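I opened this entry to keep a record of what I looked up, in the order in which I looked.

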Amino acid sequence: MRTKHSSVTIDAADLPPLTAEQKARLEALAARPDDEIDYSEIPPLSDAFWADAVRGRYDRPTKTSTTVRIDSDVLAWLRAQGRGYQTRINAILRREMLAALKREE
């Protein structure tokens, strides 16, 4: 498993093995019942919060270069709005994708 954070890539296979003490602490935490978990510093989340939640809102998805055939008038309309027409195309497609995913739920 690889984890990427900022510009640093960490491979889990390259990490040093856990010590006996670290393993014991992890096992003790895993054995703890859920009702002993202190949630006092975490605000409760209402159903309204989850209704407006969007997956990946703060994630920067990877970009893939592709060739797409678009009607000339549609492309002219997008370009006429100024710089960033490709970003607008992506935003329009993302909006439609999210709407379709919401309908599937």
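I was working on a predicted model throughout. I then looked up the partner of R32, and found a salt bridge with E36 in which the closest N and O atoms are 3.4 Å apart. E36 is itself partly exposed, at 43% relative accessibility.

I next asked how many salt bridges a search of the whole structure finds. The search returned 2 salt bridges, and I noted the one between the side chains of E96 and R95, where the N to O distance is 3.9 Å. That value lies inside the 4 Å limit, so the pair is counted. For E96 I read a relative accessible area of 45%, which makes E96 partly exposed.

I turned to helix α1, which covers residues 20-31 and so comprises 12 residues. From its first C-alpha to its last, α1 reaches 16 Å, and I wrote down that this is close to the 16 Å expected at 1.5 Å a residue. Is α1 buried, or does it lie largely in the open? I found that the number of buried residues among its 12 is 0, so α1 lies largely in the open.

For the aromatic side chains, I looked up pairs of rings and found 1 aromatic pair in the structure. The pair is formed by F49 and W50, with 4.9 Å centre to centre and 85 degrees between the planes, an edge-to-face arrangement. The label follows because planes over 60 degrees apart count as edge-to-face. I also checked how accessible the two partners are: F49 is partly exposed, with a relative accessible area of 42%, whereas W50 counts as exposed at 52%.

A separate entry concerns a charge and a ring, for which I asked which residue lies over the face of Y85. I found R79 there, at 4.7 Å from the ring centre.

V54 has a relative accessible area of 38% and is partly exposed; it can belong to the patch because patch residues need over 30% relative accessible area.

Definitions and conventions. Residues numbered from 1 in each chain as written. Predicted model: local features only at pLDDT ≥ 70, side-chain atom pairs only at ≥ 80, totals over all residues. Heavy atoms only, no water. Phe/Tyr/Trp six-rings, centres within 6.5 Å; stacked < 30°, edge-to-face > 60°. Buried < 20%, exposed > 50% of the residue type's maximum accessible area, 1.4 Å probe, protein only. Lys NZ or Arg CZ within 6 Å of the ring centre and 35° of its normal. Helix = DSSP H or I, 4+ residues; strand = E, 2+ residues; numbered from the N terminus. Expected span 1.5 Å × (residues − 1).
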